[in-house]
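Hello,

Here is the structure I said I would pass on. My notes follow below it.

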Amino acid sequence: MYPVSRRAFLRRAVLGGAALIGSPALVAGAARPARAEGATLAVYNGQHRPPVEALIAAFTAATGIDVSVRHGSSAQLASQLIEEGDHSPADLFWSEESPSLFALSEKGLLAPLKSDTLASVPANYSAKDGTWIGATARCRVVVYNKAAVDPKTLPPSVLDFASEAYADKVAFAPASGAFQQQIMAVMILRGREAALAWLKGLKQYGRVYNSDSAAVEAVEGGDIPIALSNNYYWHALAREIGAEDVQSAIYNIGHGDPGTLITVSGAGVLKSAKNAEAAQRFVAYMVSAEGQAAIVGAIAEYPLRPGVVSPFPLTPFETLDPAPVTPNQLGDAGAALELLREAELA
Ligand SMILES: [Fe+2]
């Protein structure tokens, strides 16, 4: 097994960080047979870099349209877009998570997407008003260390981890946007008091990590037996270590429990876009068969367009039996932050 530092280095190389903020950089395909007239499409990106870079390369090769990207966290870029308003240089926002898109839509900053584009994926993963689209899905899972945990002994609900029986055994990342969406799901399904009690229990008995990836790495290294995470962090680690050598595994709770929550990454076109037509083409390409294949080849997320297959050994989407909560119900996830503060986790 690699030492942690080497694993961490490799993982960053494999999955990339979306939290680095840089000046816009031109991403150009090596060969562009057809050059389109017009300016460069400006993308604000909160999603992990590898799928974004893969899609942009394919899009530019297919259309001849150049793309510039500003990377950041989705929440930070959404705040920036709200501040910039009509003067934003951005044409399109690709968000790692739906709450940032929801917030922009609420502010009236997003233009309606074309109906053909929206029809490419199931409607319940996109905005009700058609201003943003879910392109790929990720799943909240339990990651466990195979030597330390018999998965048959894992509890029926993610709420059960907030108890003395799991003292010092469960890693979680309250700063993660995905964890905040999971808090929303607990609140929607079980009520605010139950969600607050869950968080207070996790604060008392669980262990806080800075990120899902750090939590998954700690499980893999044997530092802690269990982590709450998005599925793709484990797949990135497993791919780099090798299926035979990986010490951890994914457990899906299922049966509608908030421990198994589908969330989406997706995109919206700014109303103020100077390259609106190119931006609409980009979103259409994201949910085309070619575009979806480029994205899911670079990150272990589920393609939302029917018929596209991920090269990762994902738990089949149809068998997840996730919490019955849609991205629209998660809203801007602002209530989760309030609960985190109340539980003294933020
Ligand atoms: Fe992530």
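**Notes on the listed site and the cores**

The side chains of Glu96 and His48 make a polar contact at 3.1 Å (a pair of N or O atoms within 3.5 Å; within protein, one must be able to donate a hydrogen and the other to accept it, and residues adjacent in sequence count only if both atoms are side-chain atoms). This is a predicted model, in which local features need pLDDT of at least 70 and side-chain atom pairs count only at pLDDT 80 or more, while totals for chains, interfaces and linings use all residues. Residues are numbered from 1 along each chain as its sequence is written, and side-chain values use heavy atoms, with hydrogens and water left out.

An unreviewed UniProt entry lists His48, Glu96, Tyr232 and Tyr233 under "binding site"; such annotations may be inferred rather than shown by experiment. These residues span 186 residues in sequence, yet no two of their C-alpha atoms are more than 13.5 Å apart, so they gather at one spot.

Glu96 is buried, with a relative accessible area of 12% (buried means under 20%, exposed over 50%, partly exposed in between, with a 1.4 Å probe and protein chains only). Tyr232 is also buried, at 1%, and its side chain makes a polar contact with that of Tyr233 (3.4 Å).

The largest nonpolar core has 70 residues (buried Ala, Val, Leu, Ile, Met, Phe, Trp, Tyr and Cys residues joined through side-chain atoms within 4.5 Å). Domain 1 (6–136 + 265–315) and domain 2 (138–261 + 319–342) both give residues to this core, so it lies between them; the bounds come from an automatic or database domain assignment.

Regards
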